Amino acid sequence: MTDLSTIKNDALQRVEETRDAVRLEAVRVEYLGKQGSISSLMKTLGKMTPEQRQTEAPKIQELRANVADAIAARKAELEEAELEQRLASETLDLTLPAPRPPEGSVHPVSQVMDELAEIFADLGFSVATGPEIEDDWHNFTALNMAETHPARAMHDTFYFPQKSANETLDNAPNARMLLRTHTSPVQIRALKERGAPIRIIAPGRVYRSDSDATHTPMFHQVEGLVIDRDIHLGHLKWTLETFLKAFFERDDIVLRLRPSYFPFTEPSVEVDVGWQDVDGRRVLGGNGDAPGHGWMELLGSGMVNARVIAFAGLDPDEWQGFAFGVGVDRLAMLKYGMDDLRAFFDGDQRWLDHYGFSPFDQPTLSAGVGAPA
Ligand code: PHE
């Protein structure tokens, strides 16, 4: 029988001499693998007499343990050394100049949202947000659309499946989750959180089950809300006019307010903006009633319904105000001249190269919120 201590010394020396993980693994297989020399020693135990086995087994097991320990220790050493070497070679000098200028562009929707925040900040509005996964109460009920309200049907809502069989519309109608169909639920959330007086805009994604050249299942809106004492329709009209003049960067923006209906505003007004024909293109501005001019519907708005103010926990006899909601993608299309909404969300690099903005084009009121010349 081979001398155990010779095997041990050989093995430990071989392990010590390995310089990398591959060779170490080869040594491990040679001794401890299925066909390895120490493994075959273990197999000889079966043919021994019980007495012989009692003295030999512990020795062979100890040999196996010693070699296995040495291999594990060597493995850790090699890994440590490899890490040290990588850390030493992979240095990064942050003071070196960039090899090329930053790539990529800011999406027009993001740019327009930044423009809106800048314009409204100047008017004393702050930005509020709410969840895109909303509950029924905030999206509908608190906005004066009860479960049976016909206006709900116009919203093409994406509902989430009910969590369990007992969670039916009958016992938890307000807890049903959905993708918000408009940014108006942020009116409720902001009023509940911050109380009145309040001046906010709430830009964000909204979802409706609808798709063609001017509708995508996900699109963007910005909500505006002002609640204070003695707010009236004149404040709404002035605010929208001031905003649109700043946004489109022209003074000849003319608005037309038409009576309309939303459950959450009373009275409700739909706002049209005047356009004129310039070389076959509709350009905003000018008197919508003159020849070659016209009106296009731009946004929905109105005085916040007293019931909504009560749902948000405020006294409608003390507080009133206005709200409006407008499509951000629509604003971007009108301002920057895109004609197919679907291209906004295709992620086509050529479209982004053409319509995107440089990260350095920060919209500011002093330098202009429009496209750089
Ligand atoms: N939430 C309405 C919509 O999505 C727009 C709106 C907002 C109307 C606020 C009035 C007041 O169509």
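Student: How much accessible surface does the protein have, and what share of it belongs to carbon and sulfur atoms?

Tutor: Good place to begin! Keep in mind that this is a predicted model. The accessible surface of the protein comes to about 20,600 Å², and carbon and sulfur atoms hold 52% of that.

Student: What does the radius of gyration tell me about the protein?

Tutor: You read it against a reference value. A compact globule of 373 residues would have a radius of gyration near 21 Å, whereas this protein has 36 Å.

Student: What percentage of the residues is buried?

Tutor: Here "buried" means under 20% relative accessible area. By that cut-off, buried residues make up 42% of the 373.

Student: Which residues touch the most other members of the largest nonpolar core?

Tutor: Those are Leu116, Phe243 and Leu331, in a core of 45 residues. Several elements each supply at least two residues of this core, among them helix H5 (108-122), helix H8 (233-248) and helix H10 (328-336), as well as strand S9 (293-304). Apart from it lies another core, of 25 residues, including Met145 and Ile200.

Student: Where does the cis peptide bond to Pro197 sit?

Tutor: To spot a cis bond, look at the omega angle. The bond from Ala196 to Pro197 has omega near 0°, and Pro197 is in the loop between helix H7 (185-194) and strand S4 (198-207). The bond from Glu266 to Pro267 is cis too, with omega near 0°, but Pro267 is in strand S7.

Student: What is phi of Glu249, and is this residue buried or partly exposed?

Tutor: Phi of Glu249 is near 55°, a positive value in a residue other than glycine. Glu249 lies in the loop between H8 and strand S6 (255-262) and is partly exposed, at 45% relative accessible area. Asp279 also has a positive phi, about 50°. Its loop runs between S7 and strand S8 (281-284), and Asp279 counts as exposed because its relative accessible area is 76%, over the 50% cut-off.

Key
Residues are numbered from 1 along each chain as its sequence is written. This is a predicted model: local features need pLDDT of at least 70, side-chain atom pairs count only at pLDDT 80 or more; totals for chains, interfaces and linings use all residues. Side-chain values use heavy atoms; hydrogens and water are left out. A nonpolar core is a set of buried Ala, Val, Leu, Ile, Met, Phe, Trp, Tyr and Cys residues joined through side-chain atoms within 4.5 Å. Buried means under 20% relative accessible area, exposed over 50%, partly exposed in between (1.4 Å probe, protein chains only). Helices (H or I, at least four residues) and strands (E, at least two) are DSSP runs, numbered from the N terminus. The radius of gyration is taken over C-alpha atoms; the globule rule is 2.2 Å times the number of residues to the power 0.38. Accessible areas come from the Shrake-Rupley method with a 1.4 Å probe; for residues, only the protein chains shown count as cover.
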